[in-house]
Amino acid sequence: MITRVCILIAAAFLASSRLSAAAPEDEAVAVDTLIAQARNYDGKEVVIVGELVGDIMARKEGCWLNILGKNGVAIGVMADRNSIRDVSIAGDYSHHGDYLRVKGTMYRFAANLGGETCIIAKEVTTIRKGYPVAHSLSWKRLAAGIVLTGASIIFGIIVRIQAGSTAVGGGNVPR
Amino acid sequence: MILTMKTFRSIATHIASSSWGIVVEGVYIVLLLLLFYSIVLICSVLIH
Amino acid sequence: MISRPYPNDFRLISNQIGKVLCGISLLYSIPCVTAVACGEWDQIPDYLISFNACFIAGLIFIFFGIGATGRMRWVHSMVVAAFSWFIADPLCAMPHYLSGHFASYFDAMFDVMSGFTTTGLILILDLDHISHSLNMWRHLLTYVGGQGMIVLVLAFLVRGTAGAYMMYVGEGKDEKLLPNVIHTTRAIWIISTVYLFLGTAVLLFVLEYEGIAFPRSLLHALWLFMGAWSTGGFAPQSQSILYYHSVYVELVTLVIMILGSFNFVLHYAVWSGNPREMFKNIEIRAFTVTASLTFAILACALIRSGVYADLVTVLRRGSYLLISGHTTTGYMQVYANQIIQDWGELATVAIIVAMAFGASACSTGGGFKGLRTGIVAKGLYHEIKRIMLSEDAYFLTKFHHIKDIILTETHVKMAGLIIICYVAIHLIGALIGSLFGYPFVNALFECVSAGSNTGLSCGVTAPAMPALLKGYYIFAMWAGRLEFISLFGLIAFGISILRGK
């Protein structure tokens with residue numbers, strides 16, 4: 001009986017630890033909440049998750065990353081070069097960027113970074129690797145574009161002819 | 001290509017001919033920023 | 001007696017609007033080339049559809065204008081200027097809407113009007129994932145809007161000069177750089193192009209230094225220049241200038257914003273060997289005084305709030321946002337909610353006042369304009385002096401704008417009237433915002449930002465905001481950009497249709 005209870009407890013513990021590993025977003029603060037309530041989080045350790053967008057900007061003091069949260073708000077993260085070695089794909093039109101988990105200290109107005117609202121990262125982990133996004137050509141839109149081009153040409157000719165004939169025929173329209 | 005070179009040459013000529021004007025405009029902006037800095041200093045003295 | 005417009009009046013107007021629309025349609029070639037260069041093939045049909053729609057619309061207007069005779073009159077040119085901007089708005093919103101980054105076509109139209117009027121308020125969704133070609137289109141609209149779409153058409157596409165000056169005035173630029181208006185519009189484009197090359201080169205160097213790789217650095221440099229010079233405030237990323245986390249980017253864009261806010265007549269005078277004009281001009285003096293006063297209030301508010309640790313940071317953050325507001329650019333390096341929440345109401349009021357004063361007349365910027373502020377200040381000085389002196393004393397007050405000009409009652413009356421109009425649209429907007437439940441300060445901030453074509457936001461402008469408020473902001477941006485002159489013309493034309501005999 002005791003053995004069975006021990007096994008059950010061990011299984012439950014394993015399951016819970018696995019669950020927490022599988023869902024690192026649970027402990028994360030939404031980026032928009034972090035910005036809206038920056039005063040409450042100022043100087044505190046926070047965890048955020050989001051997509052890396054734009055560029056990885058290497059500077060003397062480290063690397064600047066911009067992490068886009070679910071609700072369309074992004075925040076700057078200052079990270080050590082070594083901590084972002086496996087981060088490589090930043091999101092743009094043709095890429096979905098690396099989905100990252102950032103653990104660090106939130107600063108409402110970071111004194112040593114010129115008053116930036118940012119997170120100074122302690123740990124950056126990649127939850128999901130980024131990938132290229134294929135944008136396929138819409139044949140319907142292309143066809144519509146070609147049809148409209150034809151219409152433009154025809155209508156342009158009509159306007160030209162009409163304008164010419166009015167000018168030749170003495171286009172003084174009575175008021 | 002010729003058009004591009006012509007455009008670049010024309011822009012370069014304009015930049016060269018108006019360089020003094022650009023410098024004068026730059027001087028005004030530098031003076032304005034210095035004025036702002038002195039305002040910050042004065043405000044800081046007044047408030048503390 | 002008011003006379004009802006004749007069919008020929010409509011033809012004249014229709015013909016000119018058609019030419020403007022055809023001219024605007026040619027702009028689609030630039031995002032199209034960008035799409036090809038960046039391999040965004042899927043975007044090309046969108047531009048093909050949009051170009052043709054705009055071109056056909058232009059042809060329809062030209063068609064209805066065939067047979068027009070006689071000369072353009074002031075009322076015609078005012079209607080052309082006002083209507084061209086209004087009709088170009090939905091026609092230029094097509095690529096925006098087709099990109100799928102807008103909740104509705106109305107939102108896309110809001111962004112286009114914001115771009116054309118160099119405002120910079122945005123309703124776009126997921127800006128960080130839009131294509132390079134759409135970004136090019138957004139920034140191109142704001143760059144062209146800064147110079148003026150009619151200025152563009154007059155400079156490059158129209159051969160005749162009949163009615164050109166009146167249309168040029170109708171677009172809110174009432175000063176000539178050269179005796180000929182076509183030469184004036186070309187000079188405006190030369191000044192803008194010279195700074196486009198210089199500004200983009202400097203920004204490219206800075207962005208490369210700050211870790212953005214080529215060719216993204218080149219595109220960002222170009223777009224940042226366009227946004228700053230046109231005092232439009234569009235940026236390629238959702239965080240605006242905050243995205244770059246760079247003091248150098250802030251410094252360069254600050255300089256470009258100030259340059260963009262100068263009167264083109266002043267640029268031309270200084271460039272053609274009259275450097276003293278830079279320090280004597282009434283607009284520069286008015287700008288220096290109003291910017292210094294509002295910055296002093298802002299600096300006091302920031303120092304008192306204690307949000308920044310040192311004075312250099314106060315200078316960096318405060319001066320950037322203030323200049324961005326005063327030049328009516330709208331670039332931000334703080335989050336929207338932080339202005340009122342963390343900087344405090346005094347700082348907010350300082351920025352509102354700066355936005356309302358705005359840039360120079362005949363510049364890319366909006367607001368009351370330095371010339372009007374200066375004239376009203378001189379008028380006040382004149383009145384005070386008149387009271388102080390004996391009743392039969394006769395004296396003149398002068399102001400310097402390229403040349404010494406004697407201040408007349410007409411100058412003061414016209415400047416005062418336009419300022420009253422601006423204040424009215426700001427207050428009505430604030431009232432509408434308040435009725436929808438926004439705090440008055442927030443509503444006032446956002447409406448002054450829209451009406452003065454600034455684009456700073458405290459968080460009111462969002463896709464979820466009420467449609468009526470969006471509509472009012474579109475109106476405020478349009479009326480503010482055209483400085484009410486064309487609006488008056490349009491109203492006069494409307495009255496003559498309804499009540500004319």
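At 39% relative accessibility, Asp126(C) counts as partly exposed, a class that lies between buried (under 20% relative accessible area) and exposed (over 50%), as judged with a 1.4 Å probe and with protein chains only. The model is a predicted one, in which local features need pLDDT of at least 70 and side-chain atom pairs count only at pLDDT 80 or more, while totals for chains, interfaces and linings use all residues. Residues are numbered from 1 along each chain as its sequence is written, chains are lettered from A and ligands numbered from 1 in the order in which they are written, and side-chain values use heavy atoms, with hydrogens and water left out.

Asp126(C) is placed in the loop between α6 (105-116) and α7 (132-147) of chain C, where helices (H or I, at least four residues) and strands (E, at least two) are DSSP runs numbered from the N terminus. The phi angle of Asp126(C) is near 50°, a positive value in a residue other than glycine. A positive phi is also found at Thr328(C), where the angle is near 60°, and this residue belongs to the loop between α16 (311-326) and α17 (336-341) of chain C. With a relative accessibility of 0%, Thr328(C) counts as buried. Another backbone feature of chain C is the cis peptide bond that joins Phe214(C) and Pro215(C), with omega about 10°; Pro215(C) itself is located in the loop between α10 and α11 (216-229). Most residues other than glycine have a negative phi, and most peptide bonds are trans.

Helix α10 of chain C (residues 181-209) holds Thr185(C), which counts as buried because its relative accessibility is 0%. When residues up to four places away in sequence are not counted, Thr185(C) touches Val151(C), Leu154(C), Ala155(C) and Tyr168(C), a contact being defined by heavy atoms within 4.5 Å.

As a whole, chain C has a secondary structure of 23 helices and two strands. Its radius of gyration is 22 Å, close to the 23 Å that the globule rule gives for 501 residues, so chain C is as compact as a globular protein of that length; the radius is taken over C-alpha atoms, and the rule is 2.2 Å times the number of residues to the power 0.38. The C-alpha trace of chain C spans about 75 × 65 × 50 Å along its principal axes, and 65% of the 501 residues count as buried. Among the contacts in chain C between residues at least 6 apart in sequence, 73% join residues at least 24 apart.

Chain B, by comparison, consists of 48 residues, of which 29% count as buried, and has two helices and zero strands. Along the principal axes, its C-alpha atoms fill a box of roughly 65 × 20 × 5 Å. The accessible surface of chain B is about 3,200 Å², and 79% of that surface belongs to carbon and sulfur atoms.

Where the chains meet, 26 residues of chain B are in contact with 35 residues of chain C. About 2,700 Å² is buried between chain B and chain C, of which carbon and sulfur atoms give 87%; this buried area is the accessible area (1.4 Å probe) that two parts lose on being put together, summed over both. On the chain B side, Glu25(B), Tyr28(B) and Phe36(B) lose the most area to chain C, together 25% of what that side buries. Chain A and chain B are joined by no contact, and their closest C-alpha atoms lie 16 Å apart.

In chain A, Lys70(A) lies in the loop between β2 (62-68) and β3 (74-79) and counts as exposed, with a relative accessibility of 73%. The C-alpha atoms of Lys70(A) and Arg81(A), eleven residues apart along the chain, are separated by 25 Å. Arg85(A) lies in the loop between β3 and β4 (95-96) and likewise counts as exposed, at 69% relative accessibility. Between the C-alpha atoms of Arg85(A) and Val124(A), which are 39 residues apart along the chain, the separation is 9.5 Å.

Key: Areas by Shrake-Rupley, 256 points an atom, 1.4 Å probe, with all protein chains shown as cover.
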